[in-house]
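I opened my notebook to get to know this one. Come along and look with me.

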Amino acid sequence: MTFIGLFEILVKIIGAIVIAFLGVVIGLFYKGIDRKLAARMQARVGPPIRQPFMDFFKLMIKENIVPENAVPWIFNGAPVMTLVVSITILFYMPIGSISPLFKGYGDIILIAYLLTIPAIGMVVGGFSSGSPYANIGAQREMVMMMSYELPLVTTIIAIGWKLSQAYPQLNIFSLVVINAHPIWGLVGPLGFVGAILLFITLAIVTPAELSKIPFDAPEAETELAGGLLVEYSGRNLALFSLADAVKTVVMASLTIVLFFPYNIAHLFTLSGVFATIIDLLFFLIKLLLIIFVEVTFIRVAVARLKIDQVSFAYWVPVSIIGLLGLMLIVLDTIIV
Amino acid sequence: MSKMTYSIPIGPVHPSLKEPMTFNFEIYGERIEKVNLAPGDNHRGIEFMGMQRNPVQIIYLAERICGICSASHPFAFCKAVENAAGIEVPERAQYIRVIIAELERIHSHILWAGVAAHELGFDSVLYISWRAREEVLDLLEYLTGNRINYGIFMIGGVRRDITEDQIPRIRKTLEYYKDIYGKIEDIFLKDPTIALRTKNVGVLTKEDALRLCAVGPTARASGVKKDIRQDQPYSAYADLNVKAITPDVLTGEVNGDVYDRIVVRLLELVQSLEIVEQCLDNLPSGEIIAEKKLVKLLNQLKRAKGRGVGRHEAPRGECIHYIKLNESELPEVWKARAPTYNNLMAWVPMLLGQQIADIPIVIASIDPCIACMDRVTILNKDNGQKNILTKKDLHELSVQKTRRITP
């Protein structure tokens, strides 16, 4: 009993290290692809795909400056917290046909909570750096968090509720269950439209969660010179850039789990290790497509919004789209 | 309830500023309550340098006052010297000057459009518009030998002719811009996010524009029909019947906001294309310079006595050069006044009550050229501190100076 318990713990620890490492590497790699694609769309050559790795290693050997006005332990702790929590969310994510590492311990509601922590980490870091720019950035990040939570939760709840109607016996908020039962197969035509609306909602929430244009008001380069991150340098900034890369993977994975959890291994009648590998590769391709749509494409196609416009956008139009999607799914279920 | 404001400095070095300049803002939440401008970070003593050189050398110095206005400053300066020394410029040179000045306007306005898009966080438009700008820079290089500092202006004319076989190349560029103009207009005037960020932002009323003596597109966007090319036509403009452009031509109303400034600049782009085309159609033949021999010209300038004022409608507004020649090799006074100097104070009414997020685009909306504008920095020699002079002090100093130079 104790031996099996120990073994399980060991597997979990090794798994955690592997997932953390892969999450960071894939995150940085996709960041490089994102930058390259954005550059090509803007008629530029763009940096090489390995640029984010080079940036990271360069930042690691740079001096880490803590400003005089900063509160050092919070200032240094915020990037670590942001990165750790971003990676932790990955442990709850099913990847392809691989079950999440912390299977059975947490569900999508926990993820909705965990997703706020990187943002809070950045807010805390911004407030503690003692710079007016970072201060304004932190205020904006808080306002933005309050704005996008409602549409985000609407999406999650809608899908959970639909699953609970279809499979009352299952633990419907568990990501494994959601991953195994794609929403599109459960709904009628009305619900299908509703699900598309929910997907749009999540696609609009993602850039805000990642502080990307048009919702990058907290970091706005031309206004706040980097906002939240203005005082960060060296190792701390490197950790924030890792956290950003991992968060991108997390948000794209969330979209995949909620809307596109399909696997292709059974099409090739594969099983065992090959099936896992094929599904993993398919998952990575899906990840790339989702990142392209939700991050790269949106950020080259629009201008930055002001913070009041961001709040309005989330509270009124995006919330309405999300609630409409929820209502359509409910209607669909009731009518059928 | 008392308002808790806090202050944030923008500048001297800040990503939203392309040149050094300091702003101190009093902010309440996200709203700007008070604006304090502190220019003087980019003063290079260029007028003093000029007064150690002969007028022909100053042309090249004037060109380097600012990289973008490198046709406007020498244009105004040459006009000032010609005015002072009574030199008549041949007609063909007048036309070539106007062609270069209008090509410069095209490149300056497209450059501005790119910068404005960058300030809005719309980098794609920055890259696309700057790519479109390359065409006119290539043309300028083809005509003058340089992309930026053209070195084509000369007292009494121009240094290079536009030959018959160069004209098709110019027309090709004009066609290129006519082709892509629709796209540029589409991007800037139809894009919903740009409209969201620029409409009713940084409003300058007509009254304020008149009171603060705003010039150029900044004034025209507020409905002031002011353009030297229209009001006091000079060079080839006298033959061309240029009209000042206000935004109501396109949109039917004048709001004086950032959006209107975009509209005015885009319309001026078309206007410049038309002017260049007309100049090419009517290009007279003849000499391109009044006095070919440089030594003779310098001798003539050395003997000249008098004052001259040269005015030119630069892309940013009216650019004035004043020169006083006093029978010596060096000019006694050289004074340059760039358009940004006038538009500076217009920032205050534009920025008050706006949000922090509007600062970059409102600052960029007058197309500031700090290098052109920074002419004065007053330092107290004893303690090295900067003094702030009020209007009264400046008046006092002016009176003293007048007494000193007119005994």
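I began at one residue pair: Lys324(B) stands opposite Val333(B), which sits in β8(B). Strands here are DSSP runs of E with at least two residues, helices are runs of H or I with at least four, and both are numbered from the N terminus.

Before going on, I noted that this is a predicted model, where local features need pLDDT of at least 70, side-chain atom pairs count only at pLDDT 80 or more, and totals for chains, interfaces and linings use all residues. Residues are numbered from 1 along each chain as its sequence is written, while chains are lettered from A and ligands numbered from 1 in the order in which they are written.

Next I looked up the strands. β7 of chain B (residues 317-326) pairs with β8(B) in the antiparallel sense, over five bridges; pairing takes at least two bridges found by DSSP. I then found an open sheet of three antiparallel strands in chain B, ordered β6-β7-β8.

Last, I checked the chain contacts (C-beta atoms, placed from the backbone, within 7 Å). I read that 25 residues of chain B touch 24 residues of chain A. On the chain B side, α5(B) gives the most, with five residues.

Notes
Two residues are in contact if their C-beta atoms, placed from the backbone, lie within 7 Å.
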